[in-house]
Amino acid sequence: MKSTTQQQKNILNTVIGALPDNRPITSLQLVEEFEKCPPNFQPINKTYDQDQDADLWREKMLIGKRTTRYLCQSKTEGLPDYIVETLRIINDKEVTPDGFSQLTRTADTEQKAWRKKQIVYRLTKKGSAKQAVTDIILCSRLRQAPEGFTLAGDLNGILVCFKTCPVPHRPPPSVPSKQAITELEKTIENLKLQANPTNNNSESQDYEYVQLRPSYQLSPKRAAPRHPMYSTGTLNIHTDVEGVPFVLNPALKHNTAALPVFYKAISVNMEYDFHLERQVLCTTKTSNAQNTNPFFQ
């Protein structure tokens with residue numbers, strides 16, 4: 001399992017390494033031995049065209065230790081928010097152009113940086129830079145810059161070339177004119193008037209609902225009567241009309257019109273002797289039932 005994961009990581013690193021890195025270069029250093037390149041810097045120790053030693057000192061010595069210089073680049077180190085905008089080759093004794101920086105000492109041994117000629121570069125704040133240097137190559141045989149690269153100059157027989165890309169900038173927000181501000185203020189005022197209409201306008205409009213005044217009390221002044229309940233087993237049930245007082249509407253009390261008589265009660269019609277019911281009970285009930293039945297009393 002571990003070997004498979006490691007293989008996947010190696011493949012991913014290979015793919016990432018093959019892709020072009022268009023991040024801007026932020027810092028440059030010079031070292032005497034490319035193995036001692038500072039952290040987060042990458043040495044340019046091979047030429048682009050012939051894959052040979054990219055030593056920039058280029059001094060032939062028959063006796064003694066060989067002196068070498070290697071250029072290192074970084075895309076993470078250096079001054080915050082500053083990038084390398086361009087490169088240039090000048091003579092060793094030439095005055096550094098205005099706005100350019102130079103490397104005077106090696107980062108690993110603190111030795112003299114250059115012989116006869118030197119590389120100078122211009123650092124620009126990222127927000128104001130027009131272009132950024134994204135790659136630097138060294139050519140030992142070519143006499144002109146490859147396609148897509150710009151020639152910085154010849155340094156002791158080595159062509160120094162660099163690639164640039166434009167730096168995208170977000171356009172600043174436009175400042176609104178006075179007329180636009182005035183129209184915006186009018187729009188806001190109209191929205192306020194629509195949200196809070198005056199009393200005159202509210203009275204003239206035809207609402208489908210009744211508007212209550214703020215002083216109106218929604219809660220009743222007296223408590224509602226409790227609904228009477230009756231028990232049915234384990235449940236307490238009440239009907240919707242229970243608790244409603246059966247009284248005459250006060251508005252009807254002022255009506256003096258006499259109500260018509262629909263039925264006149266006659267005492268004769270109201271009498272009933274239950275004779276038939278007694279005969280039925282006599283034929284179906286026992287003597288004990290006759291003693292307890294109220295019809296026989």
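Predicted model: local features only at pLDDT ≥ 70, side-chain atom pairs only at ≥ 80, totals over all residues.
Reader: Is Asp81 buried or exposed?
Author: Exposed means over 50% relative accessible area. Asp81 has 55% relative accessibility, so Asp81 counts as exposed.

Reader: What is the phi of Asp81?
Author: Most residues other than glycine have a negative phi. Asp81 is not a glycine, yet its phi is positive. The value is about 65°.

Reader: What is the phi of Glu110, and where is Glu110 found?
Author: Glu110 is not a glycine, although its phi is positive, at about 60°. Glu110 is found in the loop between strand S5 (100-102) and S6.

Reader: Is Glu110 buried or exposed?
Author: The cut-off for exposed is over 50%. Glu110 has 54% relative accessibility, so Glu110 counts as exposed.

Reader: How many helices and strands does the chain have?
Author: Across the chain, the count is five helices and 11 strands.

Reader: What percentage of the residues count as buried?
Author: Buried means under 20% relative accessible area. The chain has 297 residues. Of these, the buried part is 24%.

Reader: Which residues touch the most other members of the largest nonpolar core?
Author: This core has 23 residues. Strands S1 (27-31), S4 (82-91), S6 (117-125), S7 (131-139), S8 (150-155) and S9 (158-166) each supply at least two of its residues. The members that touch the most others are Leu56, Leu71, Leu87, Trp114, Ile119, Ile136 and Val160.

Reader: Which residues is Leu87 in contact with, leaving aside neighbours within four places in sequence?
Author: Leu87 is one of the core residues that touch the most other members. With those sequence neighbours set aside, its contacts are Leu28, Ile119, Val120, Tyr121, Ile136, Ala152 and Phe162.

Reader: What share of the contacts between residues at least 6 apart in sequence join residues at least 24 apart?
Author: Take the contacts in the chain between residues at least 6 apart in sequence. Among them, the share that joins residues at least 24 apart is 66%.

Reader: How do S8 and S9 pair, and over how many bridges?
Author: Thr150 gives one example: its bridge partner in S9 is Phe162. S8 and S9 pair in the antiparallel sense, and the count of bridges is five.

Reader: Which residue in the turn between S8 and S9 has a positive phi?
Author: S8 and S9 form a hairpin. Two residues lie between the strands. The turn residue with a positive phi, about 55°, is Asn156.

Reader: How many salt bridges are there?
Author: A salt bridge needs a side-chain nitrogen of Lys or Arg within 4 Å of a carboxyl oxygen of Asp or Glu. By this rule the count is eight.

Reader: How many residues apart in sequence are the parts that Asp21 and Lys75 tie together?
Author: The side chains of Asp21 and Lys75 meet in a salt bridge at 3.6 Å, N to O. Asp21 lies in the loop between helix H1 (2-18) and S1, and Lys75 in the loop between S3 and S4, so the pair ties together parts of the chain separated by 54 residues.

Reader: Which residues are linked with Asp21 in a network of salt bridges?
Author: Asp21 meets Lys75 in a salt bridge. The network also takes in an arginine. Linked with Asp21 are Lys75 and Arg23.

Reader: What is the relative accessible area of Asp55, which meets Arg66 in a salt bridge?
Author: The Asp55 and Arg66 side chains meet at 3.5 Å, N to O. Both lie in the loop between S2 (42-44) and S3, 11 residues apart. Arg66 counts as partly exposed at 46%. Asp55 is buried, with a relative accessible area of 3%.

Reader: Which residues make the nonpolar surface patch of about 410 Å²?
Author: Leu276 is one member, and its place is in helix H4 (residues 275-284). Leu276 has 54% relative accessibility, so it counts as exposed. The patch is made by Tyr272, Phe274, Leu276 and Val280.

Methods: Residues numbered from 1 in each chain as written. Heavy atoms only, no water. Patch = residues over 30% accessible without salt bridge, like charges linked within 9 Å, V, L, I, M, F, W, Y side chains within 5 Å. Areas by Shrake-Rupley, 256 points an atom, 1.4 Å probe, with all protein chains shown as cover. Helix = DSSP H or I, 4+ residues; strand = E, 2+ residues; numbered from the N terminus. Buried < 20%, exposed > 50% of the residue type's maximum accessible area, 1.4 Å probe, protein only. Core = buried A, V, L, I, M, F, W, Y, C linked by side-chain atoms within 4.5 Å. Contact = heavy atoms within 4.5 Å. Pairing = 2+ DSSP bridges.
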